[in-house]
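Dear colleague,

Please find the structure we discussed below. I would be grateful if you could read the notes that follow with the model open.

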Amino acid sequence: MKISDWLDKKVAEQADVSHIELPIELSYDEGPDETVFFKEIKPCGILCDENHPFATVERYGHWYYSRGQDKQAGIHSPNMKWSLFTKDKKLALKTAKEHIE
């Protein structure tokens, strides 16, 4: 099952999918149709493999998945992760940019 179909099914069941967690098998089986936005704050260099604040918006069919780690968490922190599923591209982009800037 595609992520967009699964989300549509959940909405039909009257579930709030805005902050729903995807089943592991769905997240591993399907990549995004498009990455609309990506920004990472990585002042320590490209070779650093620690956690860094980031924000991304990915499109799955007619759904946008906005997610990341808030800038306020700081460099190398595993805290303050966030996510949002929406059909509204502008909302997904606005949310991502607010968390990273």
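The notes below concern one serine and then the salt bridges.

Please bear in mind that this is a predicted model.

Serine 18 lies in the loop between helix H1 (3–12) and helix H2 (24–29). With a relative accessible area of 17%, serine 18 counts as buried, because buried means under 20%. The side chain of serine 18 makes a polar contact of 2.8 Å with the side chain of aspartate 16. Leaving aside residues up to four places away in sequence, serine 18 touches Ser83, Leu84 and Phe85.

Turning to charged pairs, the structure contains six salt bridges. One of them joins arginine 59 and glutamate 34, whose closest N and O atoms are 3.0 Å apart. This pair links distant parts of the chain, since arginine 59 is in strand S2 (residues 54–60) and glutamate 34 is in strand S1 (residues 34–40), 25 residues apart. Arginine 59 is partly exposed at 22% relative accessibility, and glutamate 34 is partly exposed at 35%.

Another salt bridge connects lysine 94 to glutamate 98, with 3.4 Å between the closest N and O atoms. These two residues are separated by about one helical turn because they are four residues apart in helix H3 (residues 89–100). Both lysine 94 and glutamate 98 are exposed.

Lysine 10 is partly exposed, at 23% relative accessible area, as is glutamate 13, at 47%.

With kind regards

Notes:
Residues numbered from 1 in each chain as written. Predicted model: local features only at pLDDT ≥ 70, side-chain atom pairs only at ≥ 80, totals over all residues. Heavy atoms only, no water. Buried < 20%, exposed > 50% of the residue type's maximum accessible area, 1.4 Å probe, protein only. Polar contact = N/O pair within 3.5 Å; in protein donor to acceptor, adjacent residues only side chain to side chain. Contact = heavy atoms within 4.5 Å. Salt bridge = Lys/Arg side-chain N within 4 Å of Asp/Glu carboxyl O.
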